[in-house]
Amino acid sequence: MLKKLFQSFRPPARQVHHQRSTPEVLNSGAHSLQRHQFSRQAVGIVERLQQAGYQAYLVGGCVRDLLLNITPKDFDVATSATPEQVRAEFRNARIIGRRFRLVHIHFGREIIEVATFRANHPEDDEETSTHSSRNESGLILRDNVYGTLEEDAQRRDFTINALYYDPVSDRILDYANGVHDVRNRLVRLIGEPSQRYQEDPVRMLRAVRFAAKLDFGIERHTMLPIREMADLLQGIPGARLFEEVLKLFLSGQAADTFEMLVDLNLFEQMFPASADALEHNPTYTHTLIRNALVNTDLRVQQGKPVTPAFLFAALLWPALPARALQLQAKGMAPIPAMQEAAHSVIAEQCQYIAIPKRFTLPIKEIWDMQERLPRRSGKRADALLDNPRFRAGYDFLLLRETAGEETDGLGQWWTEYQDAHDSDRRTMIRNLGSREDNAATGAPVRKKRRSNTRRKSDSAGE
């Protein structure tokens with residue numbers, strides 16, 4: 001298994017108490033951060049809020065990443081000011097969200113997110129709350145209980161995300177020994193892990209994502225409850241899980257993320273049909289998905305676009321062939337069987353992860369191309385080249401071949417056809433004959449029978 005998973009089960013050198021009512025203060029000589037490393041706009045927001053009498057800090061991922069010499073993707077601010085008070089200070093501010101109300105301050109294309117300090121939710125009961133912020137299982141439904149800086153630190157998910165940097169005084173406030181865990185490369189939950197996962201099961205996915213993204217281990221007590229509590233993900237809205245899946249697989253560490261999700265029983269909660277294929281056809285399924293994710297990581301690292309449709313097509317494809325064969329066994333022709341199987345696989349998947357229609361349609365088209373690419377005779381090959389889904393379908397064909405599927409050299413043929421001159425293409429088409437087309441549809445190869453027919457027609461004409 002992955003090195004980081006083995007590493008995570010080793011207890012830390014010393015047990016660290018990870019909640020404090022007062023922070024450890026790291027002055028400028030005790031840390032490596034400098035204010036010029038942060039967004040000038042974000043620093044300006046902190047300064048302006050402090051001048052207005054509020055507490056304000058740069059917080060979370062940007063602090064963590066810069067301690068690791070990683071360039072942050074965004075810069076967040078935490079403050080004692082309410083969303084309305086923040087908006088009153090900045091004309092370019094806009095309040096967003098319901099479950100978690102935030103302020104977005106716009107500076108051209110740059111958006112700085114400002115969040116008010118939150119407190120942990122009290123245990124709701126009928127006497128104290130007419131509108132419960134939790135459901136019966138403890139899942140937090142709303143998160144707009146404002147609190148102090150200390151309470152905000154305690155309610156954050158991981159120690160490495162509970163670091164507050166003040167660019168004015170050049171100090172880090174560390175309430176949860178987050179600097180210690182950054183230096184020891186550990187993802188550790190703040191608070192009692194089972195309770196924190198009960199409050200928000202998505203934290204299990206976030207633990208995996210941070211471990212993969214940062215090449216950290218998951219601290220032992222943080223990891224231990226995950227396998228038993230993985231099924232709590234079924235209570236998360238499908239739309240939210242879709243967003244989390246994009247974060248998991250489009251951040252440049254998708255291959256390692258996949259291995260960790262499988263190991264911790266999280267993958268089967270989100271992709272049950274694919275997990276079933278992984279169990280019954282492990283070599284092919286694992287190879288295809290991993291190869292797809294390795295290619296995805298490479299494209300992300302090269303700054304190339306990645307479409308979620310191709311990603312989901314790869315994640316779900318291993319469940320498709322067996323489903324289509326079942327339909328063929330009931331008498332359905334191969335192509336309609338594949339189409340019906342595609343529809344059912346996607347429909348079932350959307351019960352777990354709400355894949356938007358703008359992606360489910362291209363998924364089906366990529367799969368449909370797998371049935372069309374073998375049929376190349378006549379003008380079909382050129383028509384396929386003009387199809388807007390050809391490239392995705394061709395790439396997917398090559399992916400299937402890397403996983404061990406036998407296609408009788410179909411991928412190589414299409415590779416050569418794309419590069420060939422027109423006259424050479426015509427020769428390639430003539431050389432095909434009709435065998436590939438008949439094989440693609442599952443029909444027997446028919447030989448031409450001329451003699452009897454011709455004799456009958458000749459005699460009729462005499």
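## Helices H19 and H21

The axes of helix H19 (residues 357-372) and helix H21 (residues 390-402) come within 8 Å of each other and cross at roughly 70°. Helices here are DSSP runs of H or I with at least four residues, numbered from the N terminus. In this predicted model, local features need pLDDT of at least 70, side-chain atom pairs count only at pLDDT 80 or more, and totals for chains, interfaces and linings use all residues. Residues are numbered from 1 along each chain as its sequence is written, and side-chain values use heavy atoms, with hydrogens and water left out.

H19 and H21 are therefore roughly perpendicular to each other, a term for angles of 65 to 115 degrees. From H19, Ile366, Trp367, Met369 and Gln370 meet Phe390, Ala392, Gly393, Phe396, Leu397 and Arg400 of H21; contact means heavy atoms within 4.5 Å. The residues of this contact divide into 7 nonpolar, 2 polar and 1 charged, with Gly counted as polar and Arg as charged.

## Alanine 230

Alanine 230 lies in the loop between helix H10 (226-229) and helix H11 (238-249). Its relative accessible area is 0%, so alanine 230 is buried (under 20% relative accessible area, 1.4 Å probe, protein chains only).

Leaving aside residues up to four places away in sequence, alanine 230 touches Met204, Leu264, Asn265, Leu266 and Gln269. Methionine 270 is 40 residues from alanine 230 along the chain, and their C-alpha atoms are separated by 9.8 Å.

## The chain overall

Buried residues make up 47% of the 462 residues in the protein chain. Of the contacts with a separation of 6 or more, 70% are between residues 24 or more positions apart.

Technical notes:
Buried < 20%, exposed > 50% of the residue type's maximum accessible area, 1.4 Å probe, protein only. Axes fitted to C-alpha atoms, helices over the stretch in contact; angles between N-to-C directions. Helix = DSSP H or I, 4+ residues; strand = E, 2+ residues; numbered from the N terminus. Parallel < 35°, antiparallel > 145°, perpendicular 65-115°, else oblique.
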